[in-house]
Every structure is written in C-alpha cells, then in structure tokens.
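Subject: Handover of a structure and its findings

Dear colleague,

Please find below the structure that I am handing over to you. My findings follow directly after it.

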Amino acid sequence: MQMAETVNGNGRVYPHGVLMKEIRNYAKLVKEKRALGELDHPDDSVINLRNASHLVTSCWMEGNKVMGKIQVLNTPSGKILQELV
C-alpha cells in the first residue's frame, strides 16, 4: 500500500516513524469501516464516493512496507478493479 524511506509516486519520501503514526491514526477509520479508496490515486486526501472502489479492512507495517487487506466494492469503480484483478 505504501513504502517508508522510498520515493513514492508523488515524489515524496515518508520516514518510517511518520508512516507508523499515520497507520495508527488510520486504524480508527478502518475499524469504523470508513477507510474507502479510489481506483485511481485521488488528487487530494478526500475520497470522492462516486469513485470508491474498495474498503480497507486491515492495515499494518512489515518493515518499511505498509501492508493491508481490502474488500473490493460492487461499485462502478469496484467492478473495474474486479476486472483488473
């Protein structure tokens, strides 16, 4: 889902400690079943519900990797994701 200490697609590098903190914060959204994602990377942190394709059901750190499980939604974007998988 994300890598610490590595340049990401936005040209940013997130230190391991920063991602650990954000994963702990994100866990609340995951627990409340509000951790939605879009098929394409959104321009900002606000998820457009029309583009929602999946729900993050769990996330954790393994070394510098942010790992997670998702549930693909039965939405138009989710159906595209289903076909891609």
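Two strands are taken to pair if DSSP finds at least two bridges between them. Please note that this is a predicted model.

The sheet

Strand β3 (residues 52-62) is joined to β4 by eight bridges, and the two run antiparallel. Within this pairing, methionine 61 has valine 66 in β4 as its bridge partner, while tryptophan 60 stands opposite methionine 67 in β4. β3 and β4 form a hairpin with two residues between them. In the turn, glycine 63 has a positive phi of about 65°.

Methionine 3 has lysine 65 as its bridge partner in β4.

Taken together, the four strands make an open sheet in the order β1-β4-β3-β2, with antiparallel pairing. Strands β1 and β2 (36-38) stand at the edges and have a single partner strand each, so one side of each is left without a neighbour in the sheet.

The helices

Eight bridges hold β3 and β4 together in the antiparallel pair described above. Helix α1 (residues 16-31) packs on the sheet and touches β1, β2, β3 and β4; the direction of α1 makes about 130° with that of β3. Helix α2 (residues 76-84) also packs on the sheet, touching β3 and β4, and the direction of α2 makes about 60° with that of β3.

Methionine 3

Methionine 3 lies in strand β1 (residues 2-3). Its relative accessibility is 35%, so methionine 3 counts as partly exposed. Apart from neighbours within four places in sequence, methionine 3 is in contact with Leu19, Asn64 and Lys65. Proline 15 is 12 residues away from methionine 3 in sequence, and their C-alpha atoms are 9.0 Å apart in space.

Surface features

Which residues form a nonpolar patch on the surface? The patch consists of Met1, Ile70 and Val72, which together have about 270 Å² of accessible area. Of these, isoleucine 70 is placed in strand β4 (residues 65-72). Isoleucine 70 counts as partly exposed because its relative accessibility is 43%.

A search of the whole structure finds one salt bridge. This salt bridge links arginine 34 with glutamate 32, and the closest N and O atoms are 2.7 Å apart. Glutamate 32 is partly exposed, with a relative accessible area of 37%.

Backbone angles in the loops

Most residues other than glycine have a negative phi. Glutamate 5, in the loop between β1 and α1, has a positive phi near 60° although it is a residue other than glycine. Glutamate 5 is partly exposed, at a relative accessible area of 47%. Lysine 33, in the loop between α1 and β2, is not a glycine either and has a positive phi of about 60°. With a relative accessibility of 64%, lysine 33 counts as exposed, because the cut-off for that class is over 50%.

Yours sincerely

Methods:
Residues are numbered from 1 along each chain as its sequence is written. This is a predicted model: local features need pLDDT of at least 70, side-chain atom pairs count only at pLDDT 80 or more; totals for chains, interfaces and linings use all residues. Side-chain values use heavy atoms; hydrogens and water are left out. Buried means under 20% relative accessible area, exposed over 50%, partly exposed in between (1.4 Å probe, protein chains only). Contact means heavy atoms within 4.5 Å. Patches are made of residues with over 30% relative accessible area and no salt bridge: like charges are joined within 9 Å, nonpolar side chains (Val, Leu, Ile, Met, Phe, Trp, Tyr) within 5 Å. Accessible areas come from the Shrake-Rupley method with a 1.4 Å probe; for residues, only the protein chains shown count as cover. A salt bridge is a side-chain nitrogen of Lys or Arg within 4 Å of a carboxyl oxygen of Asp or Glu. Axes are lines fitted to C-alpha atoms, for helices over the stretch in contact, and angles run from 0 to 180 degrees between N-to-C directions.
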